[in-house]
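Subject: Model for you, with notes

Hello,

Here is the structure I promised to pass on. Please open it first, then read the notes below it.

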Amino acid sequence: MSFQLKTDQELVHLYIAKGTEAALSELITRHKSRIYTSIYLLVKDEYLAEDIFQDTFIKVIKTLKAGKYNEEGKFLPWVLRIGHNLVIDHFRREKRNPTITNGDGFDIFDVLGIHDESMEEKMVKQQTYDDLKKLIHLLPSEQKEVLIMRHYGDLSFKEIADLTEVSINTALGRMRYALNNLRKMMVSKELTLKN
Amino acid sequence: MIETSTPTTNSICNNETEIEEMNFKLSKEEIAFYESIQPALNKLVKQPSEQAIENILKFSKSL
């Protein structure tokens, strides 16, 4: 049975109705980078992001197994919403500002996939992407949230609005402010992105 | 302490979504800027560890 060809809904159904673990595995494989990156960019700590990622799926599994999942919605936005709520819970518990955190050893070379470039070019790219990440973290949390959900979660603005409990216009406006603020910061820091 | 609840539904009207998003006009400049940073944003994608995924699957099997 090729699980890769099945829709999320079909996989969810297989997991709920037949307890097919491979269906859950495929769902995780399919969405892990979107979910994990969305959590990671909000909490800025790899280890914490891993914990929240696991807790997210534990809630997902419990909800699915309890038969409480409503198939009316889409799987990914639902999981992202659970992850988002867990991030909020975490910051409420910690009572600290999510924009203040220590570095966690993020290694840009892990994701750049650079092979045939000079060391200088590698260093410039590393610095550039690192700078971009820092600029994203400088955005007001609500703007950063929308940018992350839109880009990494691939959510529609309606889905983002629903998840963050604001109107669509507010979500759209936050995206616009996020882009404009990023651009202004890049100009002021003379940061140029070369792909 | 107030905790968020786990949602069990995510009802979304996609038609409404599409219509409202089509009505949302970013300026050409804003769109061009977003497109210019998309590849860089993609470079920031991270993966969870294999261990994290194994833990999740183990949890599922344990129920």
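Start with two helices of chain A. Helix 8 of chain A and helix 9 of chain A are roughly perpendicular to each other (angles of 65 to 115 degrees count as such; under 35 is roughly parallel, over 145 roughly antiparallel, and the rest oblique). Helices (H or I, at least four residues) and strands (E, at least two) are DSSP runs, numbered from the N terminus. The axes of helix 8 (residues 157-164) and helix 9 of chain A come within 8 Å and cross at roughly 105°. Axes here are lines fitted to C-alpha atoms, for helices over the stretch in contact, with angles from 0 to 180 degrees between N-to-C directions.

Helix 8 of chain A brings Phe157(A), Lys158(A), Ile160(A), Ala161(A) and Thr164(A) to this contact. Helix 9 of chain A brings Ile168(A), Thr170(A), Ala171(A) and Leu172(A). Two residues are in contact if their C-beta atoms, placed from the backbone, lie within 7 Å. By class, the contact of these two helices has six nonpolar, two polar and one charged residues. Ala, Val, Leu, Ile, Met, Phe, Trp, Tyr, Cys and Pro count as nonpolar, Asp, Glu, Lys and Arg as charged, and the others, Gly among them, as polar.

A word on the source. This is a predicted model, in which local features need pLDDT of at least 70, side-chain atom pairs count only at pLDDT 80 or more, and totals for chains, interfaces and linings use all residues. Residues are numbered from 1 along each chain as its sequence is written, while chains are lettered from A and ligands numbered from 1 in the order in which they are written.

Confidence next. The model scores ipTM 0.76 and pTM 0.76. Chain B has a mean pLDDT of 74, and 60% of its residues reach 70 or more. pLDDT is the predictor's confidence in each residue, from 0 to 100. Over residues 9-15 of chain B the pLDDT is below 50. Beyond near neighbours in sequence, that stretch has 16 contacts in the model.

Chain B has three helices and zero strands. Of its 63 residues, 16% are buried. A residue is buried if 20 or more other C-beta atoms lie within 10 Å of its own, exposed if 12 or fewer, and partly exposed in between; C-beta atoms are placed from the backbone.

Where do the chains meet? One place is helix 9 (residues 168-188) of chain A with helix 2 (residues 28-42) of chain B, whose axes come within 10 Å and cross at roughly 70°. Chain A supplies Arg176(A), Leu179(A), Leu182(A) and Arg183(A); chain B supplies Glu30(B), Phe33(B), Tyr34(B) and Ile37(B). Five of the contact residues are nonpolar, none polar and three charged.

Now the inside of the model. The largest nonpolar core holds 56 residues, of which Ile39(A), Ile160(A) and Ala171(A) touch the most other members. Such a core is a set of buried Ala, Val, Leu, Ile, Met, Phe, Trp, Tyr and Cys residues joined through C-beta atoms within 7 Å. Helix 2 (residues 21-43) of chain A gives the most to this core, with 11 residues. Leaving aside neighbours within four places in sequence, Ile39(A) is in contact with Ala49(A), Ile52(A), Phe53(A), Gly83(A) and Val87(A).

Helix 7 of chain A has nine of its 11 residues buried, so it is largely enclosed by the rest of the structure. Glu145(A) lies in this helix. Glu145(A) is buried, with 25 other C-beta atoms within 10 Å. Beyond four places in sequence, Glu145(A) is in contact with Leu42(A) and Thr164(A). Glu145(A) and Met175(A) are 30 residues apart in sequence and 9.0 Å apart in space, C-alpha to C-alpha.

Last, two backbone points. Most residues other than glycine have a negative phi. Asp154(A), in the loop between helix 7 (141-151) and helix 8 of chain A, has a positive phi near 55°. Glu165(A), in the loop between helix 8 and helix 9 of chain A, has a positive phi of about 60°. Asp154(A) is partly exposed, with 14 C-beta neighbours inside 10 Å. Glu165(A) is exposed, with 7 other C-beta atoms within 10 Å.

Best wishes
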